[in-house]
Amino acid sequence: MLRRLAPHDDRAASAGLPGRGAHWLFALLCGFGLGLAPPQSAAAGQCPKGRRAVNHDVAAGETLSKIASRYGVSVSDVEATNPKLDPRKLQIGQRLLVCKSASKTSSPSKSSAKKKRCGRNGRIVEHEVAKGDTVSEIARSYGVSEKSVLARNSGLQGNPNKIRSGQSLLVCVDASRAVNAKSCGYRTPLHRHTVVPGDYIAEIASRYGVRRKDILRLNPKLAKNPNYLRPGNELVVCPDIPPRYRNEIEHTVRSGETFGEIAKRYDVTRRQLLRFQRGRLDDPSKLRTGQRLRVWVDAGLVPGFGAYGDDDGVLKVGVLLPKGYGYTTKPASLRWGTPRAVRLIQTAVGKYWSKNRGGPKIHVGDISRKGGGPFPPHKSHQTGLDVDVGYVLKGPLRDETRFRKAVEGVLDVERSWKLLKAFLDTGRVRYIFVDYSVQQRLYEYANKRGVSEDTLDELFQYPRGKRRARGIVRHWKGHLDHFHVRFKG
Ligand SMILES: [Zn+2]
């Protein structure tokens, strides 16, 4: 059996920013553009739904087509809303009623802009500036950089703060990308997760690299009874890990195969594999050859997500992480962060020391350079939100200030877990890169110390394998000698 969940196109609906032009175009095609009689109400001073009435006082030298184009409507639109008008006898100061689109303003370059492409997968959209919009917010809502918006709107160059509400800006967007949602802080598009049998909140959170409380905040109805999820229910989520479609398949148990091996094969936890069986499997340790299990596996990426491009950037307002009690630092040129990130590092280290006595100093590595920007060999560390931290080590290497590989016998599991947890407990961590082998040791330690399965499932990618991104603590090559914390902006 193979079932596929239908994709949900919640792009324009969820974000509400761009995409409003379609409404306008629809009205145009269905009504005025075809020369049909306008609704009576328009002539009486009101406009059809989706349009806004404005009075235009004719200025010297204006023609009807000039006026129409200024409001992004056709000449026949203007004629329709002004039935007594004689286009050949326009008078200066004459008042005309224009029904302009409520979400669009004048767009002389509308048709040419629509066709214009920008880059291989790009598409130009027009954004009408709303009250209170800023260029950086607009850029974020389309998942593009502020610089690219400025580059396309020459009038703003040198003075990006001079945008007016009602003004039209051209934005080059990735045509395949969904629009970032306001409820996701304009960081990602909103995704609708369809609950499959066996799903539970911690597991769903880990799929998208978010915390359980993030899901409950976005789905207030669920907060009353988080354990009651029905297959087919939809939850909204701001995914930090790009969403994938899921297929249900049947796995036929082969001779000698164990339950744990099957879970590993499909990159799921044993707990989830058991839940997929919906109570039809009593004892996972007694599998029979030929027995059939149900598994929901990940399929292709849901289009429109991914590549958030938040590794690049600059650090406009940076502060230097000061030297302090209980930690060592890199040279001053390499430890600039956002004021909040620097405070969070200090908070985490402080909290760690409030609960631990003895042991080596914490090794705080690179953050960002002053002003941010590229920081080779790092891919990120550009915006003051990333910090490298050494694992706590034991034995002869414990006081070594350079990062050392945290292999068996060298990693101080207990202290390293406490340090990682101090960072997680700031509540402002987007993700932490930790080598998979280290994840296993930390996970097993935390598990033994009574950390709940829900919390472990939510936080760690382990034991689902490192092929698939899951959880807040995830594998990334090169993180055996330090972990990398990305804070939320
Ligand atoms: Zn790093």
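The angle is about 90°, and the axes are 9 Å apart; axes are lines fitted to C-alpha atoms over the stretch in contact, and angles run from 0 to 180 degrees between N-to-C directions. The model is predicted: local features need pLDDT of at least 70 and side-chain atom pairs pLDDT 80 or more, while totals for chains, interfaces and linings use all residues. Residues are numbered from 1 along each chain.

**The whole chain**

Display the chain as a cartoon. The chain holds 17 helices and 17 strands, which are DSSP runs (helices H or I, at least four residues; strands E, at least two) numbered from the N terminus. Of its 489 residues, 34% are buried (20 or more other C-beta atoms within 10 Å; exposed is 12 or fewer, partly exposed in between). Among contacts (C-beta atoms within 7 Å) with a separation of 6 or more, 70% join residues 24 or more positions apart.

**Helix α15 and its surroundings**

Now select residues 413–424, which form the 12-residue helix α15. Which of its residues are buried? They are R415, S416, W417, L419, L420, A422 and F423.

Next, show the side chains between α15 and α16. From α15, select V413, E414, S416, W417 and L420; they meet R441, L442, Y445 and A446 of α16.

**Two nonpolar cores**

Select I345, I432, F483 and V485. Of the 45 residues in the largest nonpolar core, these four touch the most other members; such a core is a set of buried Ala, Val, Leu, Ile, Met, Phe, Trp, Tyr and Cys residues joined through C-beta atoms within 7 Å. At least two residues of this core come from each of α14, β14 (386–389), α15, β15, α16, α17 (453–459) and β17. With seven residues, α14 supplies the largest share of the core. Another core, of 14 residues, lies apart from the largest one and includes A181, C184, A202 and L235.

Return to F483 and show its contacts. Leaving out residues up to four places away in sequence, F483 touches V389, Y391, L420, I432, F433 and V434.

**Helix α10**

Move to L216, which is placed in helix α10 (residues 212–218). Is L216 buried, exposed or partly exposed? L216 is partly exposed, because 17 other C-beta atoms lie within 10 Å. Beyond residues up to four places away in sequence, L216 touches L222, A223 and P226. Draw a distance from L216 to A205: these residues are 11 apart in sequence and 9.9 Å apart in space, C-alpha to C-alpha.

**Backbone details in the loops**

Select P376 and P377, which are joined by a cis peptide bond with omega about 5°. P377 is in the loop between β13 and β14. A cis bond also runs from Y462 to P463, with omega near 5°, and P463 is in the loop between α17 and β16 (473–474).

Y186 is not a glycine, yet its phi is positive, near 60°; the residue lies in the loop between β5 (168–174) and β6 (191–194). Y186 counts as buried because it has 20 C-beta neighbours inside 10 Å. The phi of D267 is positive, near 60°, and D267 lies in the loop between α12 (259–265) and α13 (270–276). With 17 other C-beta atoms within 10 Å, D267 is partly exposed.

Notes
Expected span 1.5 Å × (residues − 1). Contact = placed C-beta atoms within 7 Å.
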